[in-house]
Amino acid sequence: MQGQSNQQAYDRGITIFSPDGRLYQVEYAREAVKRGTASVGLRTPDGVVLAANRQVSSPLMERESVEKIHKADEHIGVASAGHVADARQLVDLARRRAQGEQLRYGQQIGVETLTRAVTDHIQEYTQTGGARPFGVALLVGGIDAGEPKLFETDPSGTDYEWKAAAIGGDRDTIQGHLEENYRDDLDVDGGIEVALSALSAPEDEVVDAEDVDVATITTEDESFHSVETDHLESIIAEIDHPEEETDE
Amino acid sequence: MQGQSNQQAYDRGITIFSPDGRLYQVEYAREAVKRGTASVGLRTPDGVVLAANRQVSSPLMERESVEKIHKADEHIGVASAGHVADARQLVDLARRRAQGEQLRYGQQIGVETLTRAVTDHIQEYTQTGGARPFGVALLVGGIDAGEPKLFETDPSGTDYEWKAAAIGGDRDTIQGHLEENYRDDLDVDGGIEVALSALSAPEDEVVDAEDVDVATITTEDESFHSVETDHLESIIAEIDHPEEETDE
Amino acid sequence: MQGQSNQQAYDRGITIFSPDGRLYQVEYAREAVKRGTASVGLRTPDGVVLAANRQVSSPLMERESVEKIHKADEHIGVASAGHVADARQLVDLARRRAQGEQLRYGQQIGVETLTRAVTDHIQEYTQTGGARPFGVALLVGGIDAGEPKLFETDPSGTDYEWKAAAIGGDRDTIQGHLEENYRDDLDVDGGIEVALSALSAPEDEVVDAEDVDVATITTEDESFHSVETDHLESIIAEIDHPEEETDE
Amino acid sequence: MQGQSNQQAYDRGITIFSPDGRLYQVEYAREAVKRGTASVGLRTPDGVVLAANRQVSSPLMERESVEKIHKADEHIGVASAGHVADARQLVDLARRRAQGEQLRYGQQIGVETLTRAVTDHIQEYTQTGGARPFGVALLVGGIDAGEPKLFETDPSGTDYEWKAAAIGGDRDTIQGHLEENYRDDLDVDGGIEVALSALSAPEDEVVDAEDVDVATITTEDESFHSVETDHLESIIAEIDHPEEETDE
Amino acid sequence: MQGQSNQQAYDRGITIFSPDGRLYQVEYAREAVKRGTASVGLRTPDGVVLAANRQVSSPLMERESVEKIHKADEHIGVASAGHVADARQLVDLARRRAQGEQLRYGQQIGVETLTRAVTDHIQEYTQTGGARPFGVALLVGGIDAGEPKLFETDPSGTDYEWKAAAIGGDRDTIQGHLEENYRDDLDVDGGIEVALSALSAPEDEVVDAEDVDVATITTEDESFHSVETDHLESIIAEIDHPEEETDE
Amino acid sequence: MQGQSNQQAYDRGITIFSPDGRLYQVEYAREAVKRGTASVGLRTPDGVVLAANRQVSSPLMERESVEKIHKADEHIGVASAGHVADARQLVDLARRRAQGEQLRYGQQIGVETLTRAVTDHIQEYTQTGGARPFGVALLVGGIDAGEPKLFETDPSGTDYEWKAAAIGGDRDTIQGHLEENYRDDLDVDGGIEVALSALSAPEDEVVDAEDVDVATITTEDESFHSVETDHLESIIAEIDHPEEETDE
Amino acid sequence: MQGQSNQQAYDRGITIFSPDGRLYQVEYAREAVKRGTASVGLRTPDGVVLAANRQVSSPLMERESVEKIHKADEHIGVASAGHVADARQLVDLARRRAQGEQLRYGQQIGVETLTRAVTDHIQEYTQTGGARPFGVALLVGGIDAGEPKLFETDPSGTDYEWKAAAIGGDRDTIQGHLEENYRDDLDVDGGIEVALSALSAPEDEVVDAEDVDVATITTEDESFHSVETDHLESIIAEIDHPEEETDE
């Protein structure tokens with residue numbers, strides 16, 4: 001009980017340090033991320049795959065309006081988990097930053113540069129008073145000078161580079177699945193398959209094509225594409241009844 | 001009791017995260033929405049229907065002054081539920097934004113674009129200190145490039161797209177009624193009928209034409225129109241004594 | 001007791017939401033309105049009547065200095081109840097706004113437009129920190145394009161349109177009297193009579209002409225006029241010894 | 001005890017409403033006024049009289065430096081009660097405002113206009129955070145278009161017009177004396193006599209000419225004049241041994 | 001105990017009113033004044049005398065660096081008691097204000113005008129949030145149009161004019177001594193004698209010439225002069241062994 | 001327990017002094033540093049060595065994205081320990097400052113000058129309200145006028161110059177190892193060896209070349225270079241099976 | 001216990017007065033000074049001596065980087081005790097101020113003028129909210145118009161002039177030693193000897209030349225010089241085995 005009351009003393013108001021050097025508001029923002037549905041990103045030699053669960057609270061809700069995967073620039077996509085309205089602010093920031101790069105320098109922004117612009121913004125909200133941290137994590141994926149790149153941003157404003165990563169609810173289970181199944185020689189469709197089976201791991205049941213949002217950015221055309229439901233269904237069929245999965 | 005006192009620790013002052021990643025002030029603003037009378041929106045192939053209960057506290061109050069449905073632009077209407085004065089601020093913001101689009105680009109603003117402008121504004125009030133969230137939900141309906149569109153905004157600054165949605169008091173009952181009775185092939189009058197019967201569901205009694213405010217925006221003229229009481233009465237008669245309701 | 005201590009937790013400092021979605025500071029501002037003496041407004045086909053009790057704390061105080069009814073523009077009057085100094089701020093705002101309309105557009109401001117300018121200002125003080133809400137309600141009456149109009153503003157920043165309304169102390173009793181006695185075919189003098197008998201209702205004794213402040217804005221000359229004490233006395237005589245009251 | 005602890009909850013920090021609609025900081029500022037020595041103002045057909053007790057804490061203090069009565073403009077005087085340094089701020093504001101009127105419009109400011117400028121300033125300090133209310137009441141007297149006028153400002157920012165009024169310590173006793181002895185046909189010297197006997201009422205002993213500060217603004221020259229001690233002594237002699245007092 | 005806990009409720013943070021209309025932070029600032037060593041000022045027909053105790057905490061401290069008496073302008077001196085660093089801010093303000101008068105108007109500032117500039121600054125720190133009051137009292141003495149003048153400023157921002165006044169520790173004892181010994185016909189040296197004997201009163205032992213700082217501003221040359229230790233010693237000898245004291 | 005509750009009273013909100021003159025928020029920020037993995041820096045006659053542990057939470061995380069060693073300018077490197085996002089802000093500040101020097105003066109910034117720019121920024125966040133201190137320590141190493149230099153910055157904004165220093169988790173153990181093994185005549189490879197064996201001390205097991213990040217800035221080319229894994233492995237082999245270690 | 005809880009009530013947040021007129025945050029800042037190692041300054045007819053202990057927490061730390069004595073201008077040095085990063089801010093302020101004087105007026109700044117610029121800055125941080133006081137004391141020594149001068153600044157913003165003074169840990173013991181051993185006829189080397197023996201007093205053991213930092217500013221060249229370790233050692237030898245100490 002003492003411990004609990006100590007904790008309470010440091011987790012309110014602006015983000016300040018607790019006696020053991022923690023920032024509780026940032027840690028609680030991470031809980032907000034866990035309350036969101038999961039997103040997954042992975043990198044293959046020929047592109048980046050972003051995939052996300054999307055839940056609708058009513059059959060009358062338009063599934064597409066539950067935006068989990070966003071196009072940030074022609075060659076960069078962003079998957080989010082956590083507080084939805086916060087995610088939109090960061091995605092908008094990323095878009096403006098990418099457009100600014102285009103306008104000022106006439107070139108596409110680098111994936112890491114864009115990620116850093118976002119995490120700098122996130123960090124500021126953890127240090128300066130009068131605001132709360134962003135309750136959202138992002139996976140930023142795209143093509144940098146021909147190379148597929150995948151970064152994660154967390155509510156502290158830290159960024160990490162990944163081969164394959166999960167954010168949001170059931171992260172540990174999904175990340176474990178990724179660690180077991182990710183291979184360096186996956187192609188993009190293989191990546192989609194691993195991503196979808198990872199998203200399926202917590203429920204132990206293969207996801208419906210309709211319940212996921214998947215996008216790819218390949219080295220071929222360096223453009224963000226949403227993956228069609230038909231294509232997803234054929235891949236999901238593979239997961240359910242695997243045949244030549246090792247070759248593809 | 002412990003749980004309760006924990007909750008109290010995080011729900012005051014500015015909107016900060018609780019240890020489980022929630023924003024209590026935003027959740028309480030949702031309660032303010034529930035304290036308001038209900039509004040309903042639905043989309044048919046040929047238009048959008050917005051309908052709302054309006055209660056007057058005295059027979060001497062002008063029923064029309066209880067504004068629940070607002071014209072935001074020539075082709076966009078907004079229904080609200082919750083804190084009335086907050087709703088007016090958001091509707092005014094929407095109007096200014098729509099006019100700005102017209103002035104700057106000489107064209108009508110998109111329904112989704114307008115909704116986003118509103119939810120960006122709402123989100124800001126949930127993150128930056130010194131203010132409270134907006135205690136209101138909106139249904140934004142209109143015609144986008146010939147297509148009927150219906151969005152909801154909630155106090156967190158999230159937007160959702162719907163075929164048919166209810167906000168405000170008794171939302172669950174009304175949304176349940178919508179889910180049972182909504183059909184993709186409704187025409188606008190059929191939509192009005194479903195909307196009114198949904199609004200009637202909580203009391204289990206058909207609403208009076210005088211006690212509701214209904215507006216439509218059809219693909220035909222892409223203009224916001226309030227529905228006349230006479231027309232409402234004929235539709236309500238249909239609900240009470242249904243005859244050919246399945247065909248129409 | 002639990003309930004009470006919960007309430008105390010949400011009603012201090014800036015206006016924030018309580019767990020049940022209420023804004024206590026706004027509700028307390030409504031109590032400040034109830035602490036004021038009553039004002040009444042009503043609309044007849046040929047004009048608007050505003051009437052108010054005014055109490056003086058000493059026979060040496062100039063009764064006229066207890067301002068309850070204010071001229072906002074040539075064709076608009078305002079009656080107030082509640083915190084006197086707050087009322088003056090809102091009346092001053094209304095006057096500046098009306099003058100601005102005249103200066104910019106060379107025309108008289110609409111009654112509803114003016115009311116909205118006032119309620120927008122009121123709402124802002126309920127949402128942004130560092131200030132308290134206005135502890136005052138207003139009745140705004142005037143002629144709009146030849147039509148008599150009567151609006152109420154409340155401390156939340158909501159406005160209502162009325163045929164006849166009471167604000168301030170004993171509001172329920174007075175409003176009840178208005179509901180019983182208001183008729184759509186009253187002329188202005190009949191309106192004054194109903195207003196004065198309504199103000200007399202709580203004490204069950206007809207008010208003195210000297211203890212009330214009455215003003216009218218008629219469709220005839222669209223101008224604000226204070227009603228002379230002599231004329232009030234003749235109407236009060238009618239109330240005490242009614243003769244042809246039903247006809248007029 | 002419950003009541004007391006409730007009260008304590010609302011009377012700190014910035015001025016916010018208590019559950020019964022009161023502004024405690026404003027009420028406490030009124031207590032600051034009561035802690036000051038009394039001032040009296042009264043209006044006669046031919047001028048305004050302002051009179052104030054002034055106490056010195058040591059015989060070595062210059063009595064004149066205890067300023068209770070201030071010249072605000074050529075034709076306007078101000079008597080104060082309460083927090084001395086706050087009074088000086090308001091008097092300075094009044095002087096600047098009066099000079100501004102002269103500079104901009106080349107005319108003397110009206111007594112009521114000047115009073116309103118002061119009460120608007122006072123009100124602002126009761127609503128906007130980060131400051132406390134002014135702990136002072138003023139009596140503003142002068143000649144308006146040939147007519148003597150007397151106003152009071154209170155810490156809420158309300159103004160009242162009076163024939164005769166007392167502010168500060170023992171207000172009730174002094175005001176009671178004024179109500180008994182004020183007559184509409186007093187001349188200025190008669191007014192001084194009533195003012196001084198009113199100030200003498202609480203102690204039941206006629207004040208010394210040296211212990212009061214008296215000023216008049218008459219319709220004759222519309223100028224602020226301090227009344228000489230000699231003249232005060234002759235009037236005080238009248239009070240002690242009244243001869244023809246009823247006639248004049 | 002109740003009284004004490006009530007007091008505690010109002011004396012923290014910014015200066016707000018207590019239920020009995022007091023400003024505790026201002027009263028505590030007065031306590032800061034009492035914690036300082038005493039200063040004395042007095043006025044004679046031919047000049048003003050300022051005198052102050054100065055204590056050094058170590059024989060190695062330069063006695064002159066304990067500044068209690070400051071030259072504010074050629075013809076004005078200031079003695080202080082209380083928080084030393086606060087005093088320096090106010091003295092600097094006074095100097096800048098005096099220089100400004102010289103620069104703008106080519107004339108020496110009046111003693112009262114300068115005092116008011118200081119007290120206006122002090123008052124502001126008692127009303128606006130985010131700062132504490134000044135913990136210092138000043139005696140401002142000088143020549144105004146040939147007349148010696150002496151004012152006191154207190155932490156509330158009030159000013160008083162005095163013939164002779166004490167501020168700081170043991171004020172009551174010293175002021176009592178001044179009241180007994182001040183005479184209107186003192187010359188400047190006689191004034192110094194009274195000032196030094198007053199400063200000696202609390203300890204009942206005549207002060208050392210080295211332990212006091214004395215300055216005069218006489219009508220003769222209207223200039224601030226520090227009094228030499230030799231001269232002080234001769235006057236102190238007078239106090240110890242008075243001879244012709246009544247004549248001089 | 002008393003001690004603990006006293007501590008709690010001073011360690012919240014902005015950084016203020018405790019009764020014993022400590023700044024708890026700064027001390028807690030130092031705890032945040034200890035929560036980070038360790039970094040080591042050391043200076044040899046021919047260059048500076050920076051080395052850091054880097055831990056990845058998943059085999060799918062790109063080890064390089066865990067940035068512990070940063071290039072601040074051509075000739076200056078920075079190793080960090082603690083809150084990662086805070087470190088990035090300070091490194092960015094250092095880079096901008098170094099570039100500014102180049103742009104304004106056309107010369108490379110001094111290592112100490114750059115360190116001071118960083119510590120001035122850190123100090124500001126410990127004194128001015130509305131923000132928290134930086135939860136990070138840095139080792140800033142580079143070549144100043146041909147001389148290798150190594151500085152540390154701590155969360156209070158203090159800087160220290162070192163021959164060899166450790167920051168972050170297990171600092172005491174690692175610093176102890178450095179003190180035992182550092183020699184003034186080390187060459188850069190010897191320095192790397194001491195740095196790696198120091199980082200290995202807490203676990204009592206030689207680190208993997210893959211788990212560390214090492215960079216050098218030598219006097220030869222005055223340029224920041226990351227040390228290749230191959231080279232690290234050969235040095236680590238030395239540590240495991242030392243042969244001629246004393247000579248080199 | 002009551003006393004303690006009273007104290008706690010006034011010592012948090014911004015610097016406000018306690019009921020007995022104290023500023024606890026300033027007093028706690030003085031405790032921060034006491035937590036620092038001691039510095040000593042003294043003035044001789046031919047120059048100023050500044051001396052300070054410097055402790056290193058590890059043999060690998062560069063002793064010179066523990067800056068206790070700073071050159072503020074060509075002819076002025078500053079010794080500090082307390083919070084190191086705060087000291088650097090004040091020293092930087094002093095340097096900028098000295099350079100400004102040179103740039104604007106082409107002359108060296110006076111020692112007292114510079115001290116005042118520093119104490120004005122310190123005072124501001126004790127009165128205006130949103131910041132804490134500076135936790136540092138300084139000794140400012142230099143040559144003013146050929147005269148050696150020595151000032152102290154304390155955390156309240158007060159300055160004192162000294163012949164010889166100690167600041168920081170063990171101040172009382174060291175100051176006592178200075179009072180016993182300071183003589184007005186010391187030369188600079190004699191001053192160094194007294195300073196070093198004073199710094200040695202608390203431990204009752206003569207300090208090592210390596211553990212102190214000593215600087216002088218002499219009237220001969222009016223320039224700040226650090227004293228070489230060799231010279232310090234010869235003086236320390238004098239202290240250990242005094243021979244002709246009285247003559248020199």
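Predicted model: local features only at pLDDT ≥ 70, side-chain atom pairs only at ≥ 80, totals over all residues.
**The F–A interface**

Let's start with the overall numbers for this pair of chains.

| Item, chain F with chain A | Value |
|---|---|
| Residues of chain F in contact with chain A | 33 residues |
| Residues of chain A in contact with chain F | 35 residues |
| Area buried between the two chains | about 2,900 Å² |
| Salt bridges | four salt bridges |
| Residue pairs in polar contact, both at pLDDT 80 or more | 17 residue pairs |

Of that buried area, 53% sits on carbon and sulfur atoms. On the chain F side, look at F:Leu60, F:Arg88 and F:Arg132: this trio supplies 25% of what chain F buries against chain A, more than any other three residues.

Which helices of chain F each bring at least two residues to the side that touches chain A? They are helix 1 (2-10), helix 2 (24-34) and helix 3 (84-105). Helix 3 of chain F gives the largest share of that side, with six residues. By residue type, the side of chain F that touches chain A splits into 12 nonpolar, 11 polar and 10 charged.

**A covered strand in chain C**

Over in chain C, strand 8 (residues 164-167) is covered on both faces. C:Ala164 and C:Ala166 are buried on one side, and C:Ala165 and C:Ile167 are buried on the other. Strand 8 of chain C pairs with strand 1 (residues 39-44) of chain C, running antiparallel over four bridges.

Terms used. Residues numbered from 1 in each chain as written. Chains lettered and ligands numbered in written order. Heavy atoms only, no water. Contact = heavy atoms within 4.5 Å. Buried area = accessible area lost by both parts, 1.4 Å probe. Salt bridge = Lys/Arg side-chain N within 4 Å of Asp/Glu carboxyl O. Polar contact = N/O pair within 3.5 Å; in protein donor to acceptor, adjacent residues only side chain to side chain. Nonpolar A, V, L, I, M, F, W, Y, C, P; charged D, E, K, R; others polar. Buried < 20%, exposed > 50% of the residue type's maximum accessible area, 1.4 Å probe, protein only. Pairing = 2+ DSSP bridges.
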